[in-house]
Every structure is written in structure tokens, then in C-alpha cells.
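This report describes the fold of one protein for a reader who is new to structural description. Please keep the structure in view while reading.

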Amino acid sequence: MKSLDIHKSEYLKQFKTQTYGRNLFRTQEEERLDAPNEECGIFGLYSDNDLDTFSLSQFGLFALQHRGQEACGISVLKDGRITNMKDEGLVLDVYKEIQEPETFMGNSAIGHTRYTTAGDKKKYNFQPFFAKNEYDQIILSIAHNGNLTNAKELKQELEAEGVVFRATSDSEVILRLIQKNLDLGLRGAIKATMEKIEGAYSVVGMTRNKFFAFRDFNGIRPLVLGAIDERSYVVASESVALDAVGAQYVRDILPGEIIYTNENEPGKLHSYMMDEAKGKQRICSFEYIYFARPDSTLENINVYEIREKSGEKIWEQAPVEADLVIGVPDSGVPAAIGFSKASGIPFRPVLIKNRYIGRSFIVPTQEMRERVVNLKLNPIISEMKDKRVVIIDDSIVRGTTSKRLVKILKDAGVKEIHFRSVSPPIIAPCYLGIDTPSKDDLISANMTTEELKNYLGVDSLEFLSIDNLKTILGSANHCFGCFTEEYPVGKGEEVDLFN
């Protein structure tokens, strides 16, 4: 048997060249219905010198592909002109549509890979968003990760002032507020915008001669800063995007912080804190459990280590006698390794992934849709048959995927199944940039743990406790809203802000 350190090394190495898939048991439809989904990943690059922004933005967004697979877009600044391209599809597919890459080579670029939360799935909601002047020239472009809770109210105010909206996304509210206040200067326009908007937002953007990024007062959605050299900077949702472009991690952008360039001091990055007393660290705890790539570092905390510790901690919380530990690829594997390390029960990577499968299967019947899963992952029956198995997963949302996973294990001849979720029960939707089902569809909001155990048909079921999650993270300075129904900011009048 390979050592756990070798398993860890091999597990992390694969994501350098391949996209990260969270729970590969979920079909594409279930990724929408039976999993929390991150709204997007954002990426920004600025240099005093011309760079291959076409390639670097592609590499950065590819590293963030797990944060959204619906659409991708970029804006590039070259010689005072902003060029924009966005389309439906995965990052590499969208970039293949660019016929003249040299058009997208300049000294600054921002990019976005999208999963829908607020707004519908029309092309006009794809990002980056941009604003034009009377000469039909793009003067401002932004990419946003998060969700505004007062977007509807602000949209109505702006429309009453004559502002025309072209999309149905809350991100356009941010764009129009900055555009409206540009006569205050860039920093003044962002400051006026942050004083109005509420909710979760990490934003990167550019004008025709400046680059900027800013983050909400609670730092709910992640945003990290890196440097390629002394005059070239990168901003991204996760540190893996810095790695992808050869940038060194500098630090996380602080809650309530604005960073920006000044045309009078090219190559220098400035920082402005809106209100240090108002800024609080409340980054989403689910970033560590599920959303972020395992080789990312957020707020100086390594994601892989958190996931491995969660497996160790749930063993301490709910030990069980078993012969084998399995992690659901990809997100459940680090916790399974941690569980194995703490318990001494062997970990085996016995759910085998097909590395070449795409997302584009079109299957008309439910029976055939079920079979797609076995194309993605296939169990090694000889390793499971007549064994007592602990299955480690990141979370249970609607329960449909977990139930089918249990059936697959039973069909493989497993004698006992002990299910461990390394997140607490998800009992409430998120209003701050994550797409979760309504409370009626969240199975832990409607069943006790015992009832859910019987529904899944397992021999035991345990969730990581909130207290143990806080212990692993090292503090309570996170958003735990989906586990506690208590949020850092008010959730607003309604979830569907525009439709």
C-alpha cells in the first residue's frame, strides 16, 4: 500500500494540468440541483509593461475553472483601448474562439468564469461587464464574484435617475454605480459605490488607464494579491491562479480594501482602506470545505490541510470500526486521507475516474442519465466486496447523490457503509454568492440525522459539528450561514433580485 504522503502528493499534482472536479458522482444536472455552486472565479492582471495577457489570463482562468463552467470572458487593455470577449462554455473552449490572439495582448486584463446565481443565463449576463462612452468606446470593465443583497433597491434608484440596465445581474449595479461616480476620480467612484452596496463582493476592474480591485467589508468571497515582478501584479479568487501565471503570493486583499493604480505612477499599486473599524474577516467557511481548489491558500490557511484535518476531527468525533476508507473524488479525498491517518483504517482510492470524460452528454432518459455516472467513476469491486467501508464526502445537500452512491457501494457487495460528512448539516440557503437549493429542498433542514441515515440506507451517519469546524479553521471569524442561518449581513427582501 502506498503511504498517505504519496497519495497526498499524487492527488494534488493532478490539478496542475487537469481541471479540478469537486464531486464526480454528480451528473451535470445534479451539479445544479444537488450541490452548492460557486458563482464564479475572477482574475486580474496589471503590468507597467506589455505582457502576453492572452495566455496569462487563459492560464489564470483555467486554474479557476472549478468555480464556474457556464461561461467565460475577458477584457484586455492595450494602448488605452479596452477589448472584450465573452461566450458560453469552458475557459479553453472560449479562448479557442479568439481568432487573433494578438488583439488580446496588452498591459492589463481581467477575466471571469461564471456560474449563475443572481440573474438568468443569457449571454448579456456573462462577465466582464463594461460601460461605453458616447463614442462607443469601452471606458470601464469589471468582473464580480458574490451577491448583492440590496441590488433591487439600488437598481430602481438608478433607473429613476435615467440609468439604463442591459443585463439582469446584480453585478451590473456595481458597474453603473462606479460609472455614475467617475467624476469623483476612480478611487472616489469605488468609495461611493462601496458606501451604497451591501452583501458579498470581490471585484476586479479596469478603466482605459487604471487597474483596480476591492472587497466587501466582511471579506465573504476570497480575493488574493500576487506579483510577477516589482511592476506586474495579479489579483484572483484563489492563490492557484497566481501559481498558474508564475506570480508569488503577496497577501489577501483585506475586507473593505481598495487597491488601484495611478496613471501618474505607472507600475505602482496603491491601497486604500474604506473604514478599518467596519472591516471584519468573515470569509465563507464553505470555501475551505468545498469550493476552493485543495492546493489553494486563503487567508494564510491551506485548503488541503483544512480538509485533511476535517477527516481527522470527524474520526475523533465519531469513531467506527471498519476495513476501508473511501473519499468521494475529488473533494472528499483529503478528508478520507485524514480519517485514515487518525484511525489507522486503510485509505484506498478505489473509485476510478475517467480522465477524458466531458460535460456534454445529451441523454434523453433518466435510465441513461444514471449510467453517465458510471462513465465518470467506477468502483473496484474486489477491493470493496464484503468490507466495512467508511465513505467520506464533503457535504450532503439534497441527498439524491448520496443515496445513489450508497446504492453503488451496496451493488459492489459492501457489507457495512458508514457515511461521514465533513461539513455540518446544511440547513439554510446562501444569499451571499453561492447557489444553494431552497430550504424546502435541503434534506438536513427537513430530516433529523437518524431519519437521514434511514433514508440513505447506511449503518451510521455523522456530520462534522460546528464547534469542530471552528476548531479546524482556528477561529469563529467566518460565515457559517448555511449551517446556522445566521449571516454577517442581512439577506435582503428576496433571493431572486431581478426576475
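The text below moves from the whole chain to its sheets and then to its helix contacts.

**Overview**

This is a predicted model, in which local features need pLDDT of at least 70, side-chain atom pairs count only at pLDDT 80 or more, and totals for chains, interfaces and linings use all residues. Residues are numbered from 1 along each chain as its sequence is written, and side-chain values use heavy atoms, with hydrogens and water left out.

The protein has 17 helices and 25 strands. Helices (H or I, at least four residues) and strands (E, at least two) are DSSP runs, numbered from the N terminus. Of the 499 residues, 59% are buried, where buried means under 20% relative accessible area with a 1.4 Å probe and protein chains only. Among contacts (heavy atoms within 4.5 Å) between residues at least 6 apart in sequence, 72% join residues at least 24 apart.

Seven strands form an open sheet in the order 4-3-5-2-11-10-12, and their pairing is antiparallel. Two strands pair if DSSP finds at least two bridges between them. Strand 4 (81–88) and strand 12 (248–252) are the edge strands, each pairing on one side only. On average, neighbouring strands of this sheet are turned by 15° against each other, direction ignored.

Strand 3 (residues 71–78) is joined to strand 4 by eight bridges, and the two run antiparallel. Within this region, Lys78 stands opposite Arg81 of strand 4. Helix 3 (residues 53–63) lies across strand 2 (40–47), strand 3, strand 5 (108–114) and strand 10 (224–229). Helix 3 runs at about 150° to strand 2; axes are lines fitted to C-alpha atoms, for helices over the stretch in contact, and angles run from 0 to 180 degrees between N-to-C directions.

Strand 7 (residues 138–148) pairs with strand 8 in the antiparallel sense over nine bridges, and Ala143 stands opposite Val204 in strand 8.

The buried residues of helix 7 (residues 186–194) include Leu186, Ala189 and Ile190. Those buried residues also pack against helix 6.

| Helix pair | Axes come within | Crossing angle |
|---|---|---|
| Helix 5 (residues 151–160) and helix 6 (residues 171–180) | 10 Å | roughly 40° |
| Helix 10 (residues 303–317) and helix 16 (residues 466–473) | 10 Å | roughly 140° |

Helix 10 is therefore oblique to helix 16, and helix 5 and helix 6 are likewise oblique to each other. Angles under 35 degrees count as roughly parallel, over 145 as roughly antiparallel, 65 to 115 as roughly perpendicular and the rest as oblique.

Helix 5 passes helix 6 in a left-handed crossing, whereas the crossing of helix 10 and helix 16 is right-handed. A crossing is left-handed if the near helix is turned anticlockwise from the far one by less than a right angle, and right-handed if clockwise.

Note on methods: Buried < 20%, exposed > 50% of the residue type's maximum accessible area, 1.4 Å probe, protein only.
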